[in-house]
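Please have a look at the fold before reading on.

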Amino acid sequence: MKMHVFMCLKLFTLYLLFNTLSTGAVINLPENTSIPAVIFFGDSIADTGNNNYIPTLAKANFPPYGENFIGGNPTGRFSNGKIVPDFIAEELGIKPLSPPFLDPSLRDHDLLTGVNFASAGSGYDPLTADLLWVLSLSDQLEMFKDYIVRLKKIVGDERSSAILKESIVAVSSGSNDIWNTYSNVRQFQYDVPSYTDLLVRYASTFVQDLYGLGARRIGVFSMLPIGCLPSQRTQKGGLGRKCVDEYNQIVQLFNDKLLAEITFLNTQFRDARIVYVDFYNLPLDIIRHPHKYGFKISNKGCCGTGTFEASILCRYACSNVDDYVFWDGFHPTEKTYRILARRILEEYIYYFICGKAFC
C-alpha cells in the first residue's frame with residue numbers, strides 16, 4: 001500500500017514537472033502567490049471551441065482554421081492556431097490550452113485548472129447572441145454555475161472556493177454589439193451614448209455576478225479598434241479601405257465608460273481585484289506599425305481575399321501567415337495573439353494579485 005501511494009505521488013510530481021516544462025511559463029509570480037486556473041467568457045476572441053457543440057453557423061472547426069494548431073487541427077478557434085486564453089494559461093505555467101467547457105471529453109484535471117465558456121458571436125447585449133444563435137453571457141454564466149457544482153464534487157467546497165478566488169476569471173466582449181447589433185438593429189432604438197451606457201450596465205452586472213459566484217481576480221477586456229478590422233475597412237472604409245473612425249470613436253467611448261465603471265466597482269468590492277485590460281491601444285499600434293512587430297500586412301487577413309471572409313466563407317489561406325496581423329476578416333493570427341497575451345500578462349499580472357503595478 002505504501003509503495004502504491006509512493007508511486008502515485010512520484011507520477012503526479014513528474015506530471016506537474018512535465019506540464020510546467022511543456023507550457024514554457026515565462027511569467028514569474030510573487031512568492032506565496034498562486035494562480036491555479038484561467039477561466040474565460042466572451043466572444044470569438046476567447047472562444048476555444050464551444051460553438052462546435054451548438055447549432056449555429058458561427059463556427060471555425062474546419063480548414064483552413066487551425067492549420068498552425070497542434071497537429072494542424074481545426075478546433076473551433078477563430079484563428080490559424082492558439083488564441084489569447086491559451087497563451088495566458090500557457091505563460092502562467094498552468095497548461096498549454098484553454099479547453100471549451102462543452103467539450104464532452106473534459107476530465108477532472110481540466111476543470112481544476114480552468115475552462116472556457118466563451119461563444120463566438122456573443123456580446124454584452126443579449127440580442128447579439130440571439131441574432132447568431134450562440135451562447136449569451138447569461139448562458140455562459142449558467143454554464144459557470146454548472147462548472148462550480150462539478151468542481152465542488154471533485155475537491156469539495158473549501159478547495160473549490162479557493163480555486164475560484166485565486167484564479168484569473170476574464171471576459172472579452174462587446175465588439176459584436178457595435179458592428180452587428182447596433183449597426184443593424186439597435187441604432188433605431190438608441191443613440192450611441194445611450195447604447196454604450198446600456199452595454200456598460202450589462203458588463204457591470206456580469207462582473208458583479210462573477211463576484212457573487214466567488215471570483216475575486218476578474219479581468220475585463222476593453223473592445224478592440226473594430227474600425228480597423230479588415231471586414232470593416234472593406235464595408236465602410238471607402239476605396240482606400242481606411243480604418244472606420246466612426247466605429248473606433250464608439251469603441252473609445254465605450255472603453256472610457258467601462259474603465260470608469262471598473263474603477264467604481266473596485267471601491268465597492270474591496271476584497272476583489274477587478275482589472276480593466278486595455279485591448280485597444282496595442283492592437284491599434286500593431287495595425288498602424290506592423291513592421292515594428294514583425295508583420296508586413298495589417299489591412300487584410302490571410303484567409304481568402306483577406307477583405308471580409310470569416311467562418312464558413314473562409315475556404316483557403318495564404319502561404320505566408322506570419323506576415324499577417326489578421327487571420328480572417330475579423331480575427332488576429334496566432335502570432336498576433338501571442339504578442340497581445342504576453343503584453344497583457346506583463347502589464348497587468350500584478351494588478352490581479354495586489355491591485356497595483358508592483359507587489
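What volume does the second largest pocket have? The answer is about 480 Å³, in a model that is predicted.

## The second largest pocket

A pocket here is an open set of points on a 1 Å grid over the protein atoms alone, where a 1.4 Å probe fits, with protein on both sides within 12 Å along at least five of seven lines. Lining residues have an atom within 4 Å of a point.

The lining of this pocket counts 23 residues, and Trp179, Ala310, Ser311, Phe330 and His331 lie nearest its centre. Helix H6 (residues 175–184) gives the most to this lining, with four residues. Sorted by class, the lining has 14 nonpolar, eight polar and one charged residues.

Let us turn to a strand. All five residues of S2 (residues 168–172) are buried, that is, under 20% relative accessible area with a 1.4 Å probe and protein chains only. One side carries Ile168, Ala170 and Ser172, and the other Val169 and Val171.

S2 pairs in the parallel sense with S1 (residues 38–42) over five bridges, and four bridges join S2 to S3 (residues 217–221), also parallel. Pairing needs at least two DSSP bridges between two strands. Val169 is the bridge partner of Ile39 and stands opposite Ile218 in S3.

Helices (H or I, at least four residues) and strands (E, at least two) are DSSP runs, numbered from the N terminus.

## Reading notes

Residues are numbered from 1 along each chain as its sequence is written. For this predicted model, local features need pLDDT of at least 70, side-chain atom pairs count only at pLDDT 80 or more, and totals for chains, interfaces and linings use all residues, while side-chain values use heavy atoms, without hydrogens and water.

Terms used. Buried < 20%, exposed > 50% of the residue type's maximum accessible area, 1.4 Å probe, protein only. Points joined across faces, edges and corners; volume = space filled by probe spheres on them. Nonpolar A, V, L, I, M, F, W, Y, C, P; charged D, E, K, R; others polar.
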